[in-house]
Amino acid sequence: MNYFSGFCLQNEDELFEDWLIRNDYTVAGFSYGAILALEYCIRATHRVDRLLLFSPAFFQNKRESFINLQINSYKKNPKEYRQTFLSRAIGKANIDLNPYIKVGTLQELEELLRYRWEISKLETLIKKGIVIEIFLGKKDQIIDAKRALEFFSPIVSATYLFQNAGHFLKIEK
């Protein structure tokens, strides 16, 4: 399985173990990693059967002022921005992210904030026979799960909305 990590993270795939399918034909990604996973599948010349996208970084409904605020906040104090970002991503879930932390770059942040999901890319993968599944948490404090659900549901194979979960899809207390 090819797995792509979220912003400021590495090797956090074990947090999604309940939904991962570990074989040579599955590609998965979390948040920013969902973007990377999709683009990887678009370029793949080998067999891919399934694409699992956990809390895909979906910001195309956000105004440019929001995106600029995020970028400027990062530029002002990258460490504080990362801490705040990860704290919001955890929400009220009981998750220790310390084993997975890495420095997220300004370039990665800009990529995830400015990325535009395209129906045509999803359709291309579906025509290749790839099953696409989207996993969202209703209490997500990073992305607008409702808007993401509205965008993805009509085209992908399955969308799952976890009622009491946030960005990491863990039950919040």
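Which residues of the largest nonpolar core touch the most other members? They are Leu51, Trp117 and Phe168, in a core of 58 residues. The views below come from a predicted model, in which local features need pLDDT of at least 70 and side-chain atom pairs count only at pLDDT 80 or more, while totals for chains, interfaces and linings use all residues. Residues are numbered from 1 along each chain as its sequence is written, and side-chain values use heavy atoms, with hydrogens and water left out.

**View 1. The largest nonpolar core and tryptophan 117.** A nonpolar core is a set of buried Ala, Val, Leu, Ile, Met, Phe, Trp, Tyr and Cys residues joined through side-chain atoms within 4.5 Å. Buried means under 20% relative accessible area and exposed over 50%, with partly exposed in between (1.4 Å probe, protein chains only). Of the 58 residues in this core, Leu51, Trp117 and Phe168 touch the most other members; its largest share, 6 residues, comes from helix H1 (residues 32-43). Helices (H or I, at least four residues) and strands (E, at least two) are DSSP runs, numbered from the N terminus. Tryptophan 117 is buried, at 4% relative accessibility. Beyond its neighbours within four places in sequence, tryptophan 117 has contacts (heavy atoms within 4.5 Å) that include Ala34, Leu38, Pro56 and Phe152.

View 2. Helix H2 (residues 64-76) has 13 residues. Its buried residues are Ile67, Gln70, Ile71 and Tyr74. They lie on the same side of H2 because they cover an arc of only 90° around the axis, the arc being that of the directions from the helix axis to the C-beta atoms. Ser65, Leu69 and Lys76 are exposed on the other side of H2. The buried residues of H2 pack against helix H3 (78-90) and helix H4 (106-114).

**View 3. Aromatic pairs.** The whole structure holds 19 aromatic pairs. Rings of Phe, Tyr and Trp (its six-membered ring) pair if their centres lie within 6.5 Å; planes under 30 degrees apart count as stacked, over 60 as edge-to-face and the rest as tilted. Phenylalanine 16 and phenylalanine 168 are stacked, with ring centres 6.5 Å apart and planes at 15°. Phenylalanine 16 lies in the loop between strand E1 (2-4) and strand E2 (26-30) and phenylalanine 168 in the segment after strand E5 (158-162), so the pair ties together parts that are 152 residues apart in sequence. Both phenylalanine 16 and phenylalanine 168 are buried. Tyrosine 115 and tryptophan 117 form an edge-to-face pair, 5.2 Å centre to centre with 80° between the planes.

Definitions and conventions. The expected span of a helix is 1.5 Å times one less than its number of residues.
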